[in-house]
Each structure stands twice: as C-alpha cells, then as structure tokens.
Amino acid sequence: MNPVYHQAKFINSAPDLRSAPEDNGLEIAFAGRSNAGKSSAINTLTSQKSLARISKTPGRTQLLNFFAIDEHKRFVDLPGYGYAKVPVQVKKKWHVMIESYLTGRKALCGIVLVMDVRHPMMEFDKQMVDWCRHAKIPLHILLTKSDKLNYGAAKNTLLGVQKELANSEIQVSVQLFSALKKVGIDEIHALLDQWFNPDPLNEPDI
C-alpha cells in the first residue's frame, strides 16, 4: 500500500476541458458505468470516505472531477455512463465529454476502467477498450464488488475477461477488487505507482 494516495485532494469539477486544470504532469482517469462502484473504489484506494461523491442515484457524476495526488499527479473521475435515468441529450453530452478528454488530454497516462464483476464487458466497457486501443492508452480493469461472488466465480470472471482481451492489441491488466472487504488495494496501488513513475529504461527503442 502506498500512503501517497491517501493525501488526494479535490481540485475542481469541469464541464469541459476548457475548465480543467492545466494540461501538464500526469493524470490517471477512472471510468465506468454509473452503478459499477467507481466512486467507492476511488474512496477506498485513497482511504477517504467522501473524496468521490457516492449517490444513491447512479449517474449523478456529470462532470470531469479532478483530484491532486501531488503537484504533478492527478486522478480524474469521469462521468458515469449507461445506467442513469437521464435524457438522451444528456447522455450524448457525457459521451462527447469523455471522448474529448480521452483524445485531447496530453497528461493522461492511463485509464482505470471499473466494472461490476457480476456484469463485466458491457457495451460501454467495450467502447472504452476501443477508445484506449485507438489512443494507445494503457488500460487497467478493476472488477469491483468481488465480495458479491464466491472466490471461484469471481476468479472465473477474471479469467474470462483476460481471455476476451488477450488478442485486443492493447496494453491491459485485470484484477478483482472489493471496496467493502478492502480486497485488491495493494494491487491497484502498485499499478498506479507504475503509471505515475514510468521507468525510462523500459521504454521501447524508436
């Protein structure tokens, strides 16, 4: 566990990139369907109860929410998508916002895609995988709510997702996670460390 993530602080909420913090340093974005447990995952890995807003009504996160880890590193909570009972025009606006962020943000160094382990690789999830492939952005899949399944079933889901993405031509990793049981925190912290502190010695020759 890396306590550096426990010092995460809210910066601002932005309706578009024009209102976002200056595009420098490194950012890791969290994406996922509105009911996948994204806010709970962010709060758990930062050891904070209310850093990311948790609502009883899925889909209330309608802005780009920025959190500072330190002067040069940030988390970004992307709008939840696919479940909220909101007008079609609002969903289209979210779609445009997310796509513009993924394709236009230079600081972005990785995407954590949050999925409910009981409902993995749904339409929006596959779209996010495609976006990451086209943008050549590293992807880490967090299979949340793993406590809702017995270990065998959760492990089978993990293996199934890994198999589905094996030939996807994308840099991707997958893990089980439970905010309730605090399962998988060390693993996600290690991944965040790797993305935020890239080793130049491991960069491919150009």
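How many of the residues of β6 are buried?

A: The model is a predicted one, in which local features need a pLDDT of at least 70 and side-chain atom pairs count only at pLDDT 80 or more, while totals for chains, interfaces and linings use all residues. Residues are numbered from 1 along each chain as its sequence is written, and side-chain values use heavy atoms, with hydrogens and water left out.

In β6 (139–144), 6 of the 6 residues are buried, and the strand is mostly covered; buried here means under 20% relative accessible area, exposed over 50%, and partly exposed in between, with a 1.4 Å probe and protein chains only. L139, I141 and L143 point one way from β6, whereas H140, L142 and T144 point the other way, and all are buried. In a regular strand the side chains alternate between the two faces of the sheet.

Confidence can be considered next, with pLDDT being the predictor's confidence in each residue, from 0 to 100. Among the elements of the protein chain, β6 has the highest mean pLDDT (98), and helix α2 (residues 88–104) the lowest (83). Over residues 202–206, by contrast, the pLDDT is below 50, and beyond near neighbours in sequence this stretch has 0 contacts in the model, a contact being heavy atoms within 4.5 Å. Where pLDDT is low, the predicted coordinates should not be read in detail. For the protein chain overall the mean pLDDT is 89, with 90% of residues reaching 70 or more.

The protein chain has 5 helices and 7 strands; helices (H or I, at least four residues) and strands (E, at least two) are DSSP runs, numbered from the N terminus. From the N terminus on, these elements run β-β-α-β-β-α-β-α-β-α-β-α.

Helix α1 (residues 38–45) is itself mostly covered, 7 of its 8 residues being buried, namely K38, S39, A41, I42, N43, T44 and L45. The cover over these buried residues includes β6, together with β2 (26–32), β4 (73–77), β5 (108–116) and α5 (185–196). After α1 comes S47, whose phi is positive, near 55°.

E27 lies in strand β2 and counts as buried because its relative accessible area is 0%; leaving out residues up to four places away in sequence, E27 touches several residues, among them F66, R74, V76, Y101 and F196. The C-alpha atoms of E27 and R74 are separated by 4.7 Å, although these residues are 47 apart along the chain. K126, by contrast, has its place in helix α3 (residues 123–135) and counts as partly exposed because its relative accessibility is 41%. Again not counting residues up to four places away in sequence, K126 touches M121 and E164.

Over the protein chain, buried residues make up 47% of the 206 residues, and among contacts between residues at least 6 apart in sequence, 75% join residues at least 24 apart. To return to the part in question, β6 is mostly covered, with 6 of its 6 residues buried.
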